[in-house]
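User: Hi! I'm about to open this one in the viewer. Could you walk me through it?

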Amino acid sequence: MKNFWKVLKNTVAVVIIVAAVFGAGYYVGKLPTADAKIIEPSENAGIDLKLPGEVEKTIVTVNEVRAKIQEIGELTSCEGSYIVTKGQDFTRYMLDDIPVPGTTNHIELTCAGSVKAGYDLEDIVVKVDNDSQKIYVSLPEAKINSNQLMWDSSMECNEKNNILNPIDFEQYQTLISDIKAEGLREAEKNGLYDTVEQNAKNLITNFLGCFVGYEVVFM
């Protein structure tokens, strides 16, 4: 009987030792090795860092501004009118520099016309500063888009024909070209380009008003 209890005690002791060894090995296996990467939770994980009342800043790009300006279409922003009276004598010449006596005719025209001027949208330069919230716009030189005469009852024509030198169509063309040139000079003298610039600035400023908080600055 004593031998039985002795054997039983030895068996229990062996079982306890084996269990202890396996338990220690399992614990050691769970420990991180030198090459193992330890993943730590982020300090900001699950935390919204946006302060109360904070508003995200709007960013405006040059392409957005240019696309808005393109919506204006043809930027013809001013029209100047004029009335010009011009007359001219036309004489036949011999050998291109000797006038032939008695061959002079005369045409005099009074015409009303209008000049339209504006800017080419493709030549407008745009820059955006999102820090100061300013849109910088540089206008090119204004150009003449059209110069037309009014072919209506307001036109007056006085002629003195000459049977030795009948009035022809080329003489009218020459006179009309001179009238248009003088009408343009008159419109420019009356401040055509100044009005074009101011009208264009007003138009662009209104169109870019969609970018709330941004100031339009013309360079």
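Analyst: Happy to, starting with a term we'll need: buried means under 20% relative accessible area, exposed means over 50%, and partly exposed is in between (1.4 Å probe, protein chains only). This is a predicted model, so to speak of local features we need pLDDT of at least 70, side-chain atom pairs count only at pLDDT 80 or more, and totals for chains, interfaces and linings use all residues. Residues are numbered from 1 along each chain as its sequence is written, and side-chain values use heavy atoms, with hydrogens and water left out.

User: Good. Where does Lys86 fall on that scale, then?

Analyst: Lys86 is partly exposed, with a relative accessible area of 25%. Its side chain meets that of Glu182 in a salt bridge, 3.4 Å from N to O; the rule asks for a side-chain nitrogen of Lys or Arg within 4 Å of a carboxyl oxygen of Asp or Glu. Glu182 lies in helix α3 and Lys86 in strand β1, so the pair ties together parts that are 96 residues apart in sequence. Glu182 counts as partly exposed too, at 28%.

User: How many salt bridges are there by this rule?

Analyst: The count comes to three. One of them joins Glu71 and Lys68, with the closest N and O atoms 3.2 Å apart. Here Glu71 is exposed at 51% relative accessible area, while Lys68 is partly exposed at 22%. Glu197 and Lys201 also meet through their side chains, at 3.2 Å from N to O.

User: How far along helix α4 are Glu197 and Lys201 from each other?

Analyst: About one helical turn, because they are four residues apart in that helix. Glu197 is partly exposed at 34%, and Lys201 is partly exposed at 22%.

User: Let's zoom out. What does the secondary structure come to?

Analyst: Four helices and nine strands. These are DSSP runs numbered from the N terminus: helices are H or I with at least four residues, strands are E with at least two. From the N terminus on, the order is α-α-β-β-β-β-β-β-β-β-α-α-β.

User: What share of the chain is buried?

Analyst: Buried residues make up 24% of the 219 residues. Strand β4 (residues 105-119) has 12 of its 15 residues buried, so it is largely enclosed by the rest of the structure.

User: Which strands does β4 pair with?

Analyst: Strand β8 (residues 156-160) pairs with β4 in the antiparallel sense over five bridges, and six bridges join β4 to β7 (residues 143-149), again antiparallel. Pairing here needs at least two DSSP bridges between the strands. If you want landmarks to click on, Thr110 has Glu156 in β8 as its bridge partner, and Gly118 has Lys143 in β7.

User: And what is the strand order in the open sheet of three strands?

Analyst: The order is β5-β6-β9, with mixed pairing. Its edge strands are β5 (125-129) and β9 (215-218), each pairing on one side only. Four bridges join β6 (residues 134-138) to β9, and these two run parallel. Within that pair, Val137 has Phe218 as its bridge partner.

User: What packs on that sheet?

Analyst: Helix α2 (residues 62-70) does, touching β5 and β6. Contact means heavy atoms within 4.5 Å.

User: Which residues touch the most other members of the largest nonpolar core?

Analyst: Ile69 and Leu208, out of 35 residues. Such a core is a set of buried Ala, Val, Leu, Ile, Met, Phe, Trp, Tyr and Cys residues joined through side-chain atoms within 4.5 Å. The largest share, six residues, comes from β4. Not counting residues up to four places away in sequence, Leu208 touches Val65, Lys68, Ile69, Ile135, Val137 and Val216.

User: One last thing: what is the phi of Gln133?

Analyst: It is near 55 degrees, a positive value in a residue other than glycine. Gln133 is found in the loop between β5 and β6, and counts as partly exposed at 29% relative accessibility.

Technical notes: Axes are lines fitted to C-alpha atoms, for helices over the stretch in contact, and angles run from 0 to 180 degrees between N-to-C directions.
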